[in-house]
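Time to open the notebook again.

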Amino acid sequence: MPCPALPDGFDFTDPDVYQSRVPLPEFAQLRRTAPVWWNAQPHGIAGFGDDGYWVVTRHQDVKEVSTKPEIFSANLNTSIIRFNAAMTRDQIDVQKLIMLNMDPPEHTRVRQIVQRGFTPRSIRALEDALRHRAAQIVAEARRNGTGDFVTDVACELPLQAIAELIGIPQDDRARIFDWSNKMVAYDDPELAITEEVGLNAATELISYAMNLAAVRKECPAKDIVSQLVAAEHEGNLGSDEFGFFVLLLAVAGNETTRNAITHGMHAFLTHPGQWELYKRERPETAAEEIVRWATPVVSFQRTATQDTELGGVKIKKGQRVGIFYSSANNDPEVFDRPEVFDITRDPNPHLGFGGGGPHFCLGKSLAVLEINLIFGALADAMPDISLAGDPRRLRSAWLNGVKELQVHYG
């Protein structure tokens, strides 16, 4: 098998790369030549005190890593593939309290509790309220004539859905937006967000959620917070656990869906035939293709708990393994013409909600509902929406993020 012809020093977690593009050609090279490839890094540059990680690029291998938590741990080094050299081990370890960074059986215990808020019945109960909110969001944006689609439209419904789901006052959604932005934007110098600012934002969000939990324990309401924290001795979440759960929602349920909606809008506006098809037929398959196309989380990581083998490559105990969803979602062994944005694609076994296993996205049904509702509202109220500028991308090591997308609302 030939070696990949990558530039010297190329790093699949280099935030400078993602500020301009997702490295799809380089992923394609690896899938053809070295599907499991060692990406050397300067010692400690990612915050882990090591010299690199394995890049896993094929759909089948990403699924294998995702479904074997006993071999590939989310807990040992967390799921975040790159911090920075200034990150201390204590700062990394405290993040193990987040469900994203747990392994079974602790992950199983916490997930069984929090999934009460994401049952089909719970999501259906939100649908009418969120449909109304989507229509309001789009109508308000249209009055502006021209604006930033990210802040005017894409961010609003995910934030309002989280607020609706767990009982956060809608007036506080701007604070959640600000905190979540600061937590994930530490690689983007334009935003002037340092690791310290990000950690302070996380602390403020956790404190906010813990206070909300304490209030609900004293005075339960008919909301998911009360269900999750009341009667803690009966197997519910403690206040600190609830705080970390809300922190996870703020990123996993806000940042990801917001970026999926933004990338989806950009895809429609650069593929006008697909926008015309969507306006005419509203295919049920559209939301899944938007998520595949966007793949808002480029990658997470796992750490080998033992010497093992993946795709014919030997991996040593303690080595980090990056599972690159953006590559898996463009694997031609699985997807016919993956480079084509096709909202009628069916089947569509993308890994935009994870590769299966214990960490498959808890909020998938809610995310799909939000995407369907917001694009339905956009197609109804502003069918002639058009681009007013190129997207400005987030500088991030693991998020496929867009900071700004100027549009004419029509």
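I count two residues as in contact when heavy atoms lie within 4.5 Å. A reminder to myself: this is a predicted model.

Entry one, the core. I looked up the largest nonpolar core and found 132 residues in it. Phe12, Phe149, Phe242, Ile374, Phe375, Leu378 and Trp398 have the most contacts inside this core. Helix H12 supplies its largest share, with 15 residues.

I then picked Leu378 and set aside its neighbours within four places in sequence. What remains in contact with Leu378 is Val138, Phe149, Val153, Met265, Trp275 and Pro383.

Which residues of H5 (106-114) are buried? I noted His107, Val110, Arg111, Ile113 and Val114. They share one side of H5, because the arc they cover around the axis is only 160°. Among the elements covering the buried residues of H5 are helix H11 (224-229) and helix H12 (239-270).

Entry three, a helix pair. How do the axes of H14 (286-294) and H16 (364-381) cross? They come within 9 Å, at an angle of roughly 105°, which means that H14 is roughly perpendicular to H16. On the H14 side I listed Ala287, Glu288, Ile290 and Val291; they meet Lys364, Val368, Ile371, Asn372 and Phe375 of H16. Sorted by class, this contact has 6 nonpolar, 1 polar and 2 charged residues. Phe375 turns up here and also in my core entry.

How values were computed:
Residues are numbered from 1 along each chain as its sequence is written. This is a predicted model: local features need pLDDT of at least 70, side-chain atom pairs count only at pLDDT 80 or more; totals for chains, interfaces and linings use all residues. Side-chain values use heavy atoms; hydrogens and water are left out. Buried means under 20% relative accessible area, exposed over 50%, partly exposed in between (1.4 Å probe, protein chains only). Helices (H or I, at least four residues) and strands (E, at least two) are DSSP runs, numbered from the N terminus. The arc is that of the directions from the helix axis to the C-beta atoms. A nonpolar core is a set of buried Ala, Val, Leu, Ile, Met, Phe, Trp, Tyr and Cys residues joined through side-chain atoms within 4.5 Å. Axes are lines fitted to C-alpha atoms, for helices over the stretch in contact, and angles run from 0 to 180 degrees between N-to-C directions. Angles under 35 degrees count as roughly parallel, over 145 as roughly antiparallel, 65 to 115 as roughly perpendicular and the rest as oblique. Ala, Val, Leu, Ile, Met, Phe, Trp, Tyr, Cys and Pro count as nonpolar, Asp, Glu, Lys and Arg as charged, and the others, Gly among them, as polar.
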